[in-house]
Amino acid sequence: MAFSLQLQQILLSPTTKFCSQPKSITSPLISLKLPSIHPLAFAQNASVSNIDSTDVAAIDASAEEILLPPQLRRELMPNHVAVIMDGNRRWAKMRGFPVALGYEAGIRAVRNLIELCGNWGIRVLTLFAFSSDNWLRPKVEVDCLMGLFERALKEELENFARAGIRISIIGDSINYSGQHDVVQACQTIAQKVKDGIIEPKDINSFLIEQELQTNCIDFPYPDLLIRTSGELRLSNFLLWQLAYAELFFSHSHWPDFGEAEFLEALCSFQQRQRRYGRQSS
């Protein structure tokens with residue numbers, strides 16, 4: 001299961017709505033000013049965006065109100081940050097705490113990161129909460145995680161709605177697999193070919209993207225992926241969507257990942273040249 005939080009600094013509508021797409025829950029996004037990005041990435045994100053020109057004008061007018069740390073440049077901020085929150089168990093064991101306390105501390109780190117993203121104008125934050133591979137963990141730990149997710153969501157939904165944040169649950173309501181995401185997209189397209197809705201020659205990357213489980217998220221392609229606790233792999237997370245993402249690996253365990261660590265990741269991101277296959281300028 002992955003949670004995608006779409007944040008806003010301008011509350012255009014206080015009403016929370018839900019998307020009818022299977023296996024996903026969503027509500028309207030209000031974004032901020034678009035930074036300058038490569039046309040390929042813009043086309044990918046804009047293909048599923050519901051932002052109209054009126055909203056963009058209002059967003060542009062207020063973008064200057066965002067206050068950033070002096071190390072960061074507004075025009076280079078990522079639209080979408082994805083995070084693999086690793087190291088909760090290790091954090092707890094290093095301190096002699098029960099594993100459950102590690103996950104509780106991880107929830108506090110999530111709240112802090114959401115606040116930072118909202119303050120710094122990041123539009124979408126996606127958190128990898130539970131992989132399909134995590135079912136191999138002890139049942140007592142899985143039960144603890146599920147109870148923690150349920151309790152945290154119930155506690156925060158009202159706060160999210162009041163702050164104008166919409167939340168999407170990506171994948172099944174209990175787990176997410178990047179490989180399965182691509183497989184189910186192919187199955188859906190194959191059924192459309194069988195039903196005569198499309199021809200095989202009509203299949204292209206944009207059609208596949210429309211069938212991925214992130215297709216009801218505005219700006220669904222992460223610009224920056226952060227993984228904590230020193231692990232250097234994607235672990236079956238957003239495999240298609242991360243094709244052009246910049247990767248940042250932090251040695252901090254997730255409960256210790258705070259403002260300083262996030263600032264380091266963003267500074268690293270802003271120092272990179274995103275070429276999308278082009279030669280260096």
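**Close-up views of a predicted model**

**View 1. His-80 sits in strand E2.** At 1% relative accessibility, His-80 counts as buried, where buried means under 20% relative accessible area, exposed over 50% and partly exposed in between, with a 1.4 Å probe and protein chains only. The place of His-80 is in strand E2; helices (H or I, at least four residues) and strands (E, at least two) are DSSP runs, numbered from the N terminus. Leaving out residues up to four places away in sequence, His-80 touches Val-124, Thr-126, Phe-219, Pro-220, Tyr-221, Pro-222, Asp-223 and Leu-224, a contact being heavy atoms within 4.5 Å.

**About the model.** This is a predicted model, in which local features need pLDDT of at least 70 and side-chain atom pairs count only at pLDDT 80 or more, while totals for chains, interfaces and linings use all residues. Residues are numbered from 1 along each chain as its sequence is written, and side-chain values use heavy atoms, with hydrogens and water left out.

**View 2. Strands E5 and E6 pair in the parallel sense.** Four bridges join E5 and E6; two strands pair if DSSP finds at least two bridges between them. In E6, Glu-246 and Phe-248 make up the covered face, and Leu-247 and Phe-249 the uncovered one.

**View 3. Ser-229 lies in the loop between strand E5 (224–227) and strand E6 (246–249).** Ser-229 counts as buried because its relative accessibility is 9%. Beyond its neighbours within four places in sequence, its contacts are Asp-86, Gly-87, Arg-90, Ser-250, His-251, Ser-252 and His-253.

**View 4. Helix H8 (residues 259–270) is mostly covered.** Nine of the 12 residues of H8 are buried, including Phe-262, Leu-263, Leu-266 and Phe-269. Strand E2 (80–84), helix H4 (99–120), E5 and E6 are among the elements that cover them. The end C-alpha atoms of H8 are 16 Å apart, which agrees with the 16 Å that its 12 residues should span at 1.5 Å a residue; the expected span is 1.5 Å times one less than the number of residues.

**View 5. Helix H4 leads to Gly-121.** H4 has 22 residues and reaches 32 Å from its first C-alpha to its last, close to the 32 Å expected. Gly-121 follows H4 with a positive phi, near 80 degrees.
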